[in-house]
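This report walks through a two-chain model. It starts with the contact between the chains, then turns to each chain.

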Amino acid sequence: MIDFLFFPGLLFSSVCGMLASFIDRKLTARIQWRKGPPLLQPLYDLVKLFGKETIIPAQASKALFLLLPLISVSAVALFAILNGVIVKSSVAPFSGDLFVAIYLMIVPAVCLILAAGISGNPLAIVGASREMKLVLSYELPFILALLVAVIKSHGEIVITGIMSYQAYTAPFLFSLSGALAFLAAIICLVAKLGLVPFDAAEAEQEIIAGVLVEYSGFSLAMFKLSKMMMLFVYPMFLIKLFWHNACGSVIGDVMVFALKYFVVLLIIVLIRNTNPRLRIDQSVKFFWTYVFGISLLAVIFAFIGL
Amino acid sequence: MAKLTMEALTRSIGVFHAACSPCNNCDIEILDVLTPRYDVERFGITLVGSIRHADAMLVTGIPNMKTAEKIKYIYEQMPKPGVVIAVGTCACGGNMFRHSYNFVKPLDEIIPVNMYIPACPPNPEAIIMGVVKLIKALRG
């Protein structure tokens, strides 16, 4: 319970997520040649939403409308526990926790789709249908890319097992198949986080706020919080699967990890700031041809042993 | 708690742009405010698409027979606490359309207005100054 609420779970990952969200917004601002928000901006946004009124649409099912944001946040917090602290896992690793992690990663998207569906707003329903298509398109290449880590560690399906395998040999990122899989996984991650080239589900200029159009106050804050936490824990997961090398001391590990995380975040922010939004059919095509191709190639290379 | 909310609210304002039959001039100036040149994100101000996410309504134009009830409806949909800012002379009092056949009544008789930014159209600096004055008044 303490794990869930504080250290690797809710509190820790939301603080790190807010920091990540700040870095994201600040970098975006600097790329656009402006000053950008202050350090505590994500916190102000959340506290403000906590104090605001929560309006429930007349057509919506009240309990589900209020529950879904909480499910979304707790799924991400659970994912953070499973993923563990930076160097070690906080819960005892069990066989197949990689699959549990993959399932938990889908939960926030499912929550968004359901929330949009029950809110009864036509624009939200358009957003939900787009989000659904996006989930269908990025899930397959993403799982294939993660499969590379499993193949390369000779069938290890425990996250800590994959990590210790890399610690003995070398990080998978420095092999051909690992690099290709990492690339594909990062592109899928941008879509999972709902960032710009693949944000057709929340396209502000066409369908207002898409899936979240009816949400306000505390519930909206919970969805925003889960987005921020995802921005921290999902890249962390990828780094552990593909780019893990232990350097011994805890402080050294944390420093190295923070540096790696910053590099991945920088890549995500640059992708987000240098690309226009794709239409949903273009996104689906992109994922099912190019990204799927890259991850399939990575799997084949991994089998050959490259 | 109310004080904390107000403190956070004035540092993170989601602005909803409610065009109430304007001539588009004020709207262009509002869009200018949101460009990187003026960078209102440093005050935590962001443009939101949905009225449910808004903390402030920027109203432009005159309330006429079609838009008067709509603007009232939109105001009621905004989660409270929220403020209304009238941008441009039209929204402040009707400007040259005040004797027009389809002018209903001034905006502040339909919904409560917290801040008036007159001019036709107000330039971006004037809009930012108005918002900053409103933030100062809200903080007390």
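Two residues are in contact if their C-beta atoms, placed from the backbone, lie within 7 Å. By that criterion, 25 residues of chain A are in contact with 18 residues of chain B. This is a predicted model: local features need pLDDT of at least 70, side-chain atom pairs count only at pLDDT 80 or more, and totals for chains, interfaces and linings use all residues. Residues are numbered from 1 along each chain as its sequence is written, while chains are lettered from A and ligands numbered from 1 in the order in which they are written.

**The interface side of chain A**

Helices (H or I, at least four residues) and strands (E, at least two) are DSSP runs, numbered from the N terminus. Helix 3 (41-50) and helix 10 of chain A are the elements that give two or more residues to the side touching chain B. Helix 3 of chain A gives the most, with five residues. By class, this side of chain A has eleven nonpolar, six polar and eight charged residues. Here Ala, Val, Leu, Ile, Met, Phe, Trp, Tyr, Cys and Pro count as nonpolar, Asp, Glu, Lys and Arg as charged, and the others, Gly among them, as polar.

**Two chains, overall**

Chain A has twelve helices and zero strands. Its radius of gyration is 19 Å, close to the 19 Å of the globule rule for 306 residues, so chain A is as compact as a globular protein of that length. The radius is taken over C-alpha atoms, and the rule is 2.2 Å times the number of residues to the power 0.38.

Chain B has five helices and five strands. From the N terminus on, they run α-β-α-β-β-α-β-α-β-α. A compact globule of 140 residues would have a radius of gyration near 14 Å, and the 14 Å of chain B agrees.

A residue is buried if 20 or more other C-beta atoms lie within 10 Å of its own, exposed if 12 or fewer, and partly exposed in between; the C-beta atoms are placed from the backbone.

| Chain | Buried residues | C-alpha extent |
|---|---|---|
| Chain A | 48% of 306 residues | roughly 55 × 45 × 40 Å |
| Chain B | 41% of 140 residues | about 45 × 30 × 25 Å |

Sequence separation comes next. Take contacts between residues at least 6 apart in sequence: in chain A, 80% join residues at least 24 apart. For chain B, 83% of such contacts do.

**Cores**

A nonpolar core is a set of buried Ala, Val, Leu, Ile, Met, Phe, Trp, Tyr and Cys residues joined through C-beta atoms within 7 Å. The largest has 97 residues; Ala145(A), Ala185(A), Cys188(A) and Val233(A) have the most contacts inside it. Helix 10 (residues 217-242) of chain A supplies the largest share, 18 residues. A second, separate core of 35 residues includes Ala54(B), Ala56(B), Ile62(B) and Val83(B).

Ala185(A) is in contact with Phe142(A), Ala145(A), Leu146(A) and Leu238(A), leaving aside neighbours within four places in sequence.

**A loop residue in chain A**

Phe172(A) lies in the loop between helix 7 (159-168) and helix 8 (176-192) of chain A. Is Phe172(A) buried or exposed? Phe172(A) has 25 C-beta neighbours inside 10 Å, so it counts as buried. Leaving aside neighbours within four places, its contacts are Ala149(A), Lys152(A), Gln166(A), Gly178(A) and Phe242(A). Ala149(A) is 23 residues away from Phe172(A) in sequence, with 7.2 Å between their C-alpha atoms.

Five of the five residues in strand 3 of chain B are buried. Ala56(B), Leu58(B) and Thr60(B) point one way, Met57(B) and Val59(B) the other. In a regular strand the side chains alternate between the two faces of the sheet.

Strands pair if DSSP finds at least two bridges between them. Five bridges join strand 1 to strand 3 of chain B, and the two run parallel. Strand 3 also runs parallel to strand 4 (residues 83-87) of chain B, again with five bridges. Leu58(B) is the bridge partner of His17(B), and Ile85(B) in strand 4 is the bridge partner of Leu58(B).

Helix 3 (residues 67-77) of chain B has Thr67(B), Ala68(B) and Ile71(B) as its buried residues. Seen down the helix axis, they fall within an arc of 105 degrees, so they line one face of the helix. The arc is that of the directions from the axis to the C-beta atoms. Strand 1 (13-19) and strand 3 (56-60) of chain B are included in what covers them. On the other side of the helix, Glu69(B), Tyr73(B) and Glu76(B) are exposed.
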